[in-house]
Amino acid sequence: MRIAADREVCTSAGMCALTAPGRFDQDEADGRVVLLDADAPDGDPEALAAAELCPSGAITLTDL
Ligand code: SF4
């Protein structure tokens with residue numbers, strides 16, 4: 001799957017970086033999401049959890 005993170009929608013909650021630290025980080029300046037790795041295996045549990053837990057819906061997953 002392909003991961004996308006919309007920084008315009010992100011509210012800097014940080015759940016993604018806590019849930020999947022290898023895939024997401026937070027910008028030191030504004031706390032918004034930084035996508036570290038956009039490619040994940042289909043059904044990747046960390047990516048699914050991060051998308052589900054993000055309170056702003058900023059993370060979207062697309063099956064390739
Ligand atoms: S969980 Fe969502 S709102 Fe929070 S930092 Fe990550 S993308 Fe942004």
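**Exercise 1. How many salt bridges does the structure hold?**

Solution. The model is predicted, so local features need pLDDT of at least 70 and side-chain atom pairs count only at pLDDT 80 or more, while totals for chains, interfaces and linings use all residues. Residues are numbered from 1 along each chain as its sequence is written, and side-chain values use heavy atoms, with hydrogens and water left out.

Step 1. Apply the criterion: a side-chain nitrogen of Lys or Arg within 4 Å of a carboxyl oxygen of Asp or Glu.

Step 2. The count is six salt bridges.

**Exercise 2. Trace the salt-bridge network that contains Arg-7.**

Solution. 

Step 1. Arg-7 pairs with Asp-27, with 3.5 Å between the closest N and O atoms. This pair links distant parts of the chain, 20 residues apart: Asp-27 is in the loop between strand E2 (24-26) and strand E3 (33-35), and Arg-7 is in the loop between E1 and H1. Helices (H or I, at least four residues) and strands (E, at least two) are DSSP runs, numbered from the N terminus.

Step 2. Arg-7 also meets Asp-30 in a salt bridge, at 3.2 Å from N to O. Here too distant parts of the chain are linked, since Asp-30 is in the loop between E2 and E3, 23 residues apart from Arg-7.

Step 3. Asp-30 forms a further salt bridge with Arg-32, the closest N and O atoms being 3.9 Å apart.

Step 4. Joining these pairs gives a network of Arg-7, Asp-27, Asp-30 and Arg-32.

Step 5. Classify the exposure of each member (buried is under 20% relative accessible area, exposed over 50%, partly exposed in between; 1.4 Å probe, protein chains only). Asp-27 is partly exposed at 24%, Arg-7 is partly exposed at 30%, Asp-30 is partly exposed at 36%, and Arg-32 is partly exposed at 28%.

**Exercise 3. Is Leu-18 buried or exposed, and which residues make the nonpolar surface patch?**

Solution. 

Step 1. Leu-18 lies in helix H1 (residues 15-19). Its relative accessible area is 67%, so Leu-18 is exposed.

Step 2. Patches take residues with over 30% relative accessible area and no salt bridge, joining like charges within 9 Å and nonpolar side chains (Val, Leu, Ile, Met, Phe, Trp, Tyr) within 5 Å. Areas come from the Shrake-Rupley method with a 1.4 Å probe, and for residues only the protein chains shown count as cover.

Step 3. Met-15, Leu-18 and Leu-53 make a nonpolar patch of about 290 Å².

**Exercise 4. Describe the largest cavity and its lining.**

Solution. 

Step 1. On a 1 Å grid over the protein atoms alone, a cavity is a set of points where a 1.4 Å probe fits but cannot get out; lining residues have an atom within 4 Å of a point. Points are joined across faces, edges and corners, and the volume is the space filled by probe spheres set on them.

Step 2. One cavity of 30 Å³ or more is counted, and the largest cavity holds about 100 Å³ of space.

Step 3. Its lining has 15 residues, with Cys-10, Ala-13, Gly-14, Cys-16 and Cys-54 nearest the centre.

**Exercise 5. Characterise Ser-12 by its phi angle and its place.**

Solution. 

Step 1. Phi of Ser-12 is near 65°, a positive value in a residue other than glycine.

Step 2. Ser-12 is in the loop between strand E1 (2-5) and H1, and is partly exposed at 28% relative accessible area.

How values were computed:
On a 1 Å grid over the protein atoms alone, a cavity is a set of points where a 1.4 Å probe fits but cannot get out, and a pocket is an open set with protein on both sides within 12 Å along at least five of seven lines; lining residues have an atom within 4 Å of a point.
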